[in-house]
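Reader: I have a few quick questions about this model. Can you walk me through it?

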Amino acid sequence: MEYSGVAARSFVFGVTSILLVHSTVNGDVSYSTPEERKIGSVIGNLAKDLGTNAKMLSLRKARLDVDDGSKRYCDIDMNTGDLIVAERIDREQLCGFTTDCALKFEVILENPLELHRILVEITDINDNSPAFAKDIVKLEIRESAVKGARYAVNEAHDADIGVNAVQSYKLQDNRYFSFLFHNNPGQEKYGELILEKELDREQEQEVRLMLTAIDGGNPPRSASIVIHVTVLDANDNSPVFSQPVYKVSLREDSPVGTTVTTVSATDADEGANGQVTYEFGRLSGDLLKLFSLDSETGNLILSGNVDYEQQTSYEIKIEAKDGSGLASFAKVVIDVVDVNDNAPTIQLKSLSNPIAENTSPGTEVGIINVQDKDSEKNRQIRCSIQGNVPFKLTPSIKNYFSISTSGPLDRELTSEYNITVIAVDEGSPPLSSSKTFQLSVADVNDNSPVFEEQFYKAYVAENNKPGTSICSVTARDPDWRQNGTVLYSLLSSEVNGVPVFSFLSINADTGVIHAVRSFDYEQFRNFKVQVVARDNGSPPLSSNATVRVFITDENDNSPQILYPAPEGKSLMTEMVPKAALSGSLVSKVIAVDADSGQNAWLSYHIVKSTDPGLFSIGLHSGEIRAQRDIRESDSMKQNLVISVKDNGQPPLSTSCSVYLLISDNLAEVPELKDMTYEESSSKLTSYLIIALVSVSTFFLTFIILILAVRFCRRRKPRLLFDGAVAIPSAYLPPNYAEVEGAGTLRSSYNYDAYLTTGSHTSDFKFIRSYNDNTLPAGGTLRKSPDDSNIISFSDAGETLEHHSRGQRPDMSFL
């Protein structure tokens, strides 16, 4: 039944309580609410009373803080902005017998930092029943006691206050005693048993009474005690204390067993009536744990640890009683003396973590609260940040400090900081504490990728396969995650008018550059391209590097013979005088190679000849010389097969045929048909000889006339080529390099070359060489390029022409 009554009364108070809200002058807000309310009960709308709304409370990170760091009994509902009950609130546990009981909070709002003090008054409900210190009170009263004699009885203890405390006592009906309760404001509360009728020990030796204490709650609560009165002989003096109030000071660090003070009372009676004993008056259970009393000596002894920060003073009622039951009371007031036994406490209230590395100096990144439970000078605190870090402490409101940046941040240098805050109080000796907060620095895309080299060189052999990797570029970005992720690309450009993307591609992730096509050294030998390294930040940053690609030569071109002309274009037959001596220059093979370097170093070899010991060829010059003197027995027609080989790996080669006639006069030549076709039919040869003789006779007169006119005019033939052997420009491929020993004529050998006017045939006139060792010659042998088998020979004004049957003779003149 008792718990049901508590629940009912709690409900009544919860429904009927009026929440008092008012704004103080400095903006503080106060509320009033009864104790023992259900968790989650609304105390008041904090958002409205602060002049804002629930959304703003959430955005500004509103939170409750307590001054002394003790338990927080209330909280803020961020959805509604209400101040609600977060834990069970017991007024008696919080405030004891103190009339005024309130919870003090601080509401902290950020951006900007604001501090509001909240006071929640806790009102009492009747949730505690009265209780006597003892179940039985024993009194010894002499029968000589007169009517109206008074005997003190300890009052009942009720943890509630005000109207809910003990309001009245009811004594069981009897014929001897009445009960009077002294409840005067500002005075000690106690009860007295008043003798209404004289006792007679002979009639009744003891009297048993029932005393009931009743509080003022609704419904009321009560407690009862048995008073056992023993009738004795007369005792007419009560004990008297040496002083009504004892005031003492007790250091909070006093050890258990310390004698706080000694109370003393005397009784004028003698014997047992004069023997005084001491006991506590009404005392709470908490005080009984802290203090004990020696009933014989009156020594008040410390039996527990006192703490100035929990309670600064104590009041203890002590009763002195003689052997007959007469008693008197005294009060001991104990003031607890504060000592510096509490180090400052540091609490992190807010921290912006991580913080961007581009945060400007002076930006607030955190809020701390520093408190010391000691008093006066012992609670004065000095705070600082330890170490060389770019942060500083700035005093804010009350015990709050702002942590702000004092210099620039760079995540690439320091990615996180350990901020150690040290708090030192002003006590003697001073106490200190420290707390370390870890603050990370968030990355900002403030670094461009940096290439390991600004200029790269890549070498790739020509004729490479498409997709071949030719080189790799690397750029590094010290930023983090996507800000440090580097992607590669080629800058749009052209190489010889062709987009660079037709030549190269690059892996965006690895920076490996691949060839898109096969390169040809003979087309171009090097080119450059710009590579862009771009990070993935926002906005992205980039940098460039230059890659120069060098194409190395491969031996992929065979030597090309320029002289003598390839077969099918012109037949070159050279005359060798019979008087040619050993070492005389007979002819020269001219060849070039489109490759370069050692791949273009040419060497010449005679692989086949009519007379192997008659002629030799320079290994690197290509000059054909007589190896011995010409003899009459040597064959007039000499055919040399020349092989031209380069120096590549593997080497490439090509060959040509050189046709020589050993004769001083063309008339000595039995036939001048193509010497390469000795196996042709003799019938065809006969036709050619007959045609040649017929035509030559017809034109002999004209040739003599022409030579005479030319001799008279003393006109030199028009010089078409001067210098080395004249080569038609159409034979020269592009980009040929002049390499010493590669097959071109040495500068010391020069020839004059002539072409017939208006004719497409090729004439080679053997004139005296500018070199002394050159074989002299004075004739020109000509073969028509239209494969008409016409051979013309001219010497000192004479012209010999050989025409095929049915063809018109060539009317060209030298």
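Predicted model: local features only at pLDDT ≥ 70, side-chain atom pairs only at ≥ 80, totals over all residues.

Reader: Okay. Is arginine 517 buried, exposed or partly exposed?
Author: Arginine 517 is partly exposed, because its relative accessible area is 30%, and the cut-offs are under 20% for buried and over 50% for exposed.

Reader: Where is arginine 517 found?
Author: In the loop between strand E41 (512–515) and E42.

Reader: What does arginine 517 touch?
Author: Leaving out residues up to four places away in sequence, arginine 517 touches Asn464, Pro466, Ser502, Phe503 and Gln523. Lysine 465 is 52 residues apart from arginine 517 along the chain, and their C-alpha atoms are separated by 7.1 Å.

Reader: Switching to the sheet. What is the strand order?
Author: E34-E43-E42-E37. It is an open sheet of 4 strands with mixed pairing.

Reader: Which are the edge strands?
Author: Strand E34 (455–461) and strand E37 (486–490). Each of them pairs on one side only. The twist from one strand to the next averages 30°.

Reader: What is the bridge partner of valine 532 in E43?
Author: Asparagine 544.

Reader: What about the loop between E42 and E43?
Author: Proline 539 sits there. The peptide bond leading from serine 538 to proline 539 is cis, with omega near -5°.

Reader: What joins serine 428 and proline 429?
Author: A cis peptide bond, with omega about -5°. Proline 429 is in the loop between strand E31 (416–425) and strand E32 (432–442).

Reader: Next topic, backbone angles. What is the phi of lysine 398?
Author: Positive, about 55°, although lysine 398 is not a glycine. This lysine 398 lies in the loop between strand E29 (391–395) and strand E30 (400–405). Its relative accessible area is 43%, so lysine 398 is partly exposed.

Reader: And the phi of asparagine 463?
Author: Also positive, about 65°, and asparagine 463 is not a glycine.

Reader: Where does asparagine 463 lie?
Author: In the loop between E34 and strand E35 (469–472). Asparagine 463 counts as partly exposed because its relative accessibility is 43%.

Definitions and conventions: Residues numbered from 1 in each chain as written. Heavy atoms only, no water. Pairing = 2+ DSSP bridges. Helix = DSSP H or I, 4+ residues; strand = E, 2+ residues; numbered from the N terminus. Axes fitted to C-alpha atoms, helices over the stretch in contact; angles between N-to-C directions. Buried < 20%, exposed > 50% of the residue type's maximum accessible area, 1.4 Å probe, protein only. Contact = heavy atoms within 4.5 Å.
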